[in-house]
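Subject: Structure handover and notes

Hello,

Below is the structure you are taking over. My notes follow it, grouped by region.

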Amino acid sequence: VKNLSNIPGYAGKILTVDLTKKKVSIEELPLGLVKGYIGGKGFAARILYDNIAAGCDPLSPDNVVVLAVGPLTGTLAPTGCRSIMATKSPLTNIWLDSNCGGVFGPEMKAAGFDLILIKGRSEKPVNLIIQDNDVSIVAAESYWGLDTLSVSDKLKKHYGDDYKVACIGQAGEKMVLISSVQAEGRSFGRGGIGAVFGSKNLKAIAIRGTGSITISNYEEFIKECKEAYNEIAINTDTGGARNKYGTSSIYSSIKEAGVLPIRNFQGGSYQGLAEIDEHSLKRELYEQDRACFACPIACSKYSKVKRGPYKGKHVEGPEFENFWSFGAQCGNSELGSIVYAEYLSDFYGIDAISTGNVIGFVMECYEKGIITKDLLGFEAGFGNHEALIRLVELIGEKKGFGEIIGQGVKRLAEHIGSGSDFFAMHVKGLELPAYDPRGAVGMGLAYATSDRGGCHLRAWPVGAEVLAHSGRIDPREAEFKAELVKTDQDWFNVVNSLGLCLFSTYALGHNQLTDLVSALTGIEEFRSGAKLLKIGEKIYNLTRLFNIREGITALDDKLPPRLMEETLTQGPAKGVKIPLKAMLEDYYLVRGWDDNGFPTSEKLRQLDLNDESKN
Amino acid sequence: MMKVKIEVIFFAHFYEEADVKNIGVEIDQDSFLFEVISIIDLVTGFQLSEKLGKECSILINGRSSNLYEENEIVFEDGDRIAVIPLIGGG
C-alpha cells in the first residue's frame, strides 16, 4: 500500500508547483499545520496568509493558488468529497476560497496530497498532470481555446478515464473576472479563480491517485460512519426533500417567507412566478439523481429539457442558486433557458451565480434606459430569455459589451454610472446570491461580514430566522443575529476544513463530526466540538487579517444601497429596514473585534495567532 | 361566530404526502392555532399536529408561527398557512 502517512487521516504530503521555474517539489505535511488548522480551508488560510504579500496583483505571477482537502475527504464519512481552492480574488481583491464537491478532492488525496501550492506564471499554456508522486508540467497549446467539457474529454482520452480534471474554459483564459474552474461537473465557482488560472497560463490539472491513508481507530471510525449515514437517512432534509427536489427543495419556502430576490432585488412579481416551484422543476426537468463521492444525499440532478425552444438541452443541475440567478433574478420563467444558461456557464467556465446576478442588473439598466439596444445590439428587458442566453455567451467569450459585464457588477456599475451603483447587488465586489436579507435580516449581517464578500456559504441564519420550528428568532430584528452568524462562520470553517459538505450539517451535529474526525485521526486537538470551533474561529480571524492587510475595514462591512434604503412593498418582508448598524456592533463585540472591525490583540492571543497580533 | 376561509399549502414532499398542493379550509375567525391545525388534520388527512416540529414547520402569511402568541392571531379571509419541511439551505 502506497502513501501511508505518519498522520492518520491525512495523505501526508504537500506538492509545490512553480510554473515560472517549471519545478515541482514534494514535502511532508507538518503536524503543526494539521493540529492548528485541520485541513481544507484552514490549510488554505495559513498558506495564503504566509505566501501572498499585501497589495499583490491577483493576476500577476506573485499571486498563488492553494488546493486543499480535509482529513475526511476521500474517506467513507458521508459527504467526504470536498476540496478547497483559494487565492487572492481578482474580482474582489480580497480573500477567496471556493469549495467544490464531486470527485476531484478524493482523487487528489488518493494521489498523496493534502495540499497543492501553485506559484508563478508559465510563459506558455500548460497542464499539470499528476499521477501519485509523478508530477509533470506539460505544454497545453492544443488545449488553449477549448471549452471546459472538451478539455476534460481530451485529457481523459490522452491520459485515461481514471484521471479527474479541473480546468478553465475560454473565460478563464481571457481572464474574465467572474470565471470559474470546473471540475468533473462541479465548480470552484466564485470570485474569479478561473482568471487566476488564466493569468498563470494554467489550463488544467489532471490527477490520478492510487494511494490510501491510515485510520487511527478503524472499528470506531466505521461505527461512526454507519451512525452518520443513519442520521442522514432519517433526517427530513437530507433523507427527504433534498434528494427529491435537489437544492431547490427550499424554493417555495424561501419565496413564501419573502426571502427570494426578484428582478435584481426590486421585489414584486413577474409572469410565471406563481407557477414555478420545486414541483415544476422535478416534473419538467429532472431525469436522474447525481451524487458526489461518498454522498448518500444525492442532491444533484441531471436535467433535460423536455419541450419548448430549449428542448434537448441538458445540464447537471440546475442548483437552487442558478434556478434563482437565471430565473427570478432575471424575471425569467422559461425553465429551458435556465438549464441552457447553466450549461453555458459550465461550458465557458463562468460563475453561474455572479453571471445571473450581473445579467439581472443589465436587464434593470436596460429597462431604465441606462444600457440601450444600441449598446448591446439586442433588447434585454426582464424576462427576455433569448437576451439571457446571448448575454451569457458574450460574457463567456468576452465579446462585445460582454467584456465589461464579465468584470462583475461592481465594475460594470462604475463603468456605466448614472447612479446604477445604487442597485449593483454585491458586497465587497462579489455578487449576492439567492437570499434577500430584507426577508431575513441576519443574512444581511452574514453578507456584510463574509470573508469573500457577498456569499451565502459563510453563515446561513435564514434557517433559524424563517424555516425553523423551534425558537423565536424574528427575521426582522437584530436580536441574536450576531451570535447566530459568528457561530455559523466558525463552524462552517470547521466543516470546510474537514472536507465534508455543508449539507451534512443539517443531519450531523458538532458531536458527530467530532467523533468522526477523532476516530479517523486520533488527534487530541480535535476531540471536542469546542476545540474544533476554536480552530474555526482562528481561521475566520486569519482570513479577516488577510483582508485587513488588503485594506478592508469596518467601512467595507456594508450592503448595497438598495437593501439599506429601499424597502419591499409587499409580502412578509414589506417595509423591513435592515438594522445593519446594530447587528454589526453586536457582531464585533461577540467576535472580540474593535470598532474598526480589527481583531483585538487579546483575541488573537486567545486564538494562538501571536505572531499576527504584533503586525 | 364569523367564518373565514384560509388557504393551506403543502410544500416540497408534503404535497405528495397530503396528496394536495393547496386547499381552502373554513375556520372560525377567532380560532386558536391548535384548533386550526386539528381542522387541517381532519380536512386533509395529513397529520400536521403529529409532524409539526418533527418533520415540518408552518409559515402563517410567510412568518414563522413561533413569532405569534396564540391569542394574537386573528385570521382573515385569504390568509395562508404553508406547511414546509424542516430544511436547510440550497
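Which residues does Tyr270(A) touch, not counting residues up to four places away in sequence? They are Tyr251(A), Ile262(A), Arg263(A), Gly327(A), Ala328(A), Gly331(A), Asn332(A) and Ser333(A). Please keep in mind throughout that this is a predicted model.

Loop residues in chain A

Tyr270(A) itself sits in the loop between α9 (251-256) and α10 (278-284) of chain A. Its relative accessibility is 11%, so Tyr270(A) counts as buried. From Tyr270(A) to Ala206(A) the separation is 64 residues in sequence and 44 Å in space, C-alpha to C-alpha.

Thr73(A) belongs to another loop, the one between β3 (65-69) and β4 (83-88) of chain A. With 0% relative accessibility, Thr73(A) counts as buried. Apart from neighbours within four places in sequence, the contacts of Thr73(A) are Gly80(A), Cys81(A), Arg82(A), Gly105(A), Pro106(A), Lys109(A), Leu498(A) and Gly499(A).

Ile473(A) is in the loop between α19 and α20 of chain A. It counts as buried, at 17% relative accessibility. Once residues up to four places away in sequence are set aside, Ile473(A) touches Ala464(A), Glu465(A), Phe480(A), Lys481(A) and Leu484(A), and also Leu67(B). Lys304(A) is 169 residues from Ile473(A) in sequence and 40 Å from it in space, C-alpha to C-alpha.

Helix α20 (residues 481-498) of chain A packs with helix α21 (residues 510-521) of chain A at an angle of about 30°, and their axes are 12 Å apart. Because the angle is under 35 degrees, α20(A) is roughly parallel to α21(A). The two helices make a left-handed crossing. On the α20(A) side the contact is made by Trp491(A), Val495(A) and Leu498(A), and on the α21(A) side by His510(A), Leu513(A) and Val517(A). Sorted by class, this contact of α20(A) with α21(A) has five nonpolar residues, one polar residue and no charged ones.

How many residues of helix α18 (residues 441-449) of chain A are buried? The count is nine of the nine, so the helix is largely enclosed by the rest of the structure. The buried residues of α18(A) are Val441(A), Gly442(A), Met443(A), Gly444(A), Leu445(A), Ala446(A), Tyr447(A), Ala448(A) and Thr449(A). Their cover includes β16 (426-427), α19 (462-467), α20, α22 (529-549) and α24 (580-591) of chain A.

The six-stranded sheet in chain A

Chain A contains an open sheet of six strands with mixed pairing, in the order β8-β7-β12-β9-β10-β11. At the edges stand β8 (134-139) and β11 (186-188) of chain A; each has a single partner strand, so one side of each is left without a neighbour in the sheet. From one strand to the next, the twist averages 20°.

Strand β7 (residues 126-131) of chain A pairs with β8(A) in the antiparallel sense, over six bridges. In β8(A), Ser136(A) is the bridge partner of Ile129(A). Helix α4 (residues 148-159) of chain A lies across β7, β8, β9 (164-167), β10 (181-183) and β12 (202-208) of chain A, and runs at about 145° to β9(A).

Backbone points to check by eye

Where is the cis peptide bond with an omega of about -5°? It joins Gly317(A) and Pro318(A). Pro318(A) is in the loop between β15 (314-316) and α11 (320-325) of chain A.

Lys398(A) is a residue other than glycine with a positive phi, near 55°. It is located in the loop between α15 (385-397) and α16 (402-405) of chain A. Lys398(A) is partly exposed, at a relative accessible area of 28%.

In chain B, Asp19(B) is not a glycine but has a positive phi of about 60°. The loop that holds Asp19(B) is the one between α1 (14-18) and β2 (22-28) of chain B. Is Asp19(B) buried or exposed? Its relative accessible area is 69%, so Asp19(B) is exposed.

Regards

Key: Residues numbered from 1 in each chain as written. Chains lettered and ligands numbered in written order. Predicted model: local features only at pLDDT ≥ 70, side-chain atom pairs only at ≥ 80, totals over all residues. Heavy atoms only, no water. Axes fitted to C-alpha atoms, helices over the stretch in contact; angles between N-to-C directions. Helix = DSSP H or I, 4+ residues; strand = E, 2+ residues; numbered from the N terminus. Parallel < 35°, antiparallel > 145°, perpendicular 65-115°, else oblique. Left-handed = near helix turned anticlockwise from the far one by under 90°. Contact = heavy atoms within 4.5 Å. Nonpolar A, V, L, I, M, F, W, Y, C, P; charged D, E, K, R; others polar. Buried < 20%, exposed > 50% of the residue type's maximum accessible area, 1.4 Å probe, protein only. Pairing = 2+ DSSP bridges.
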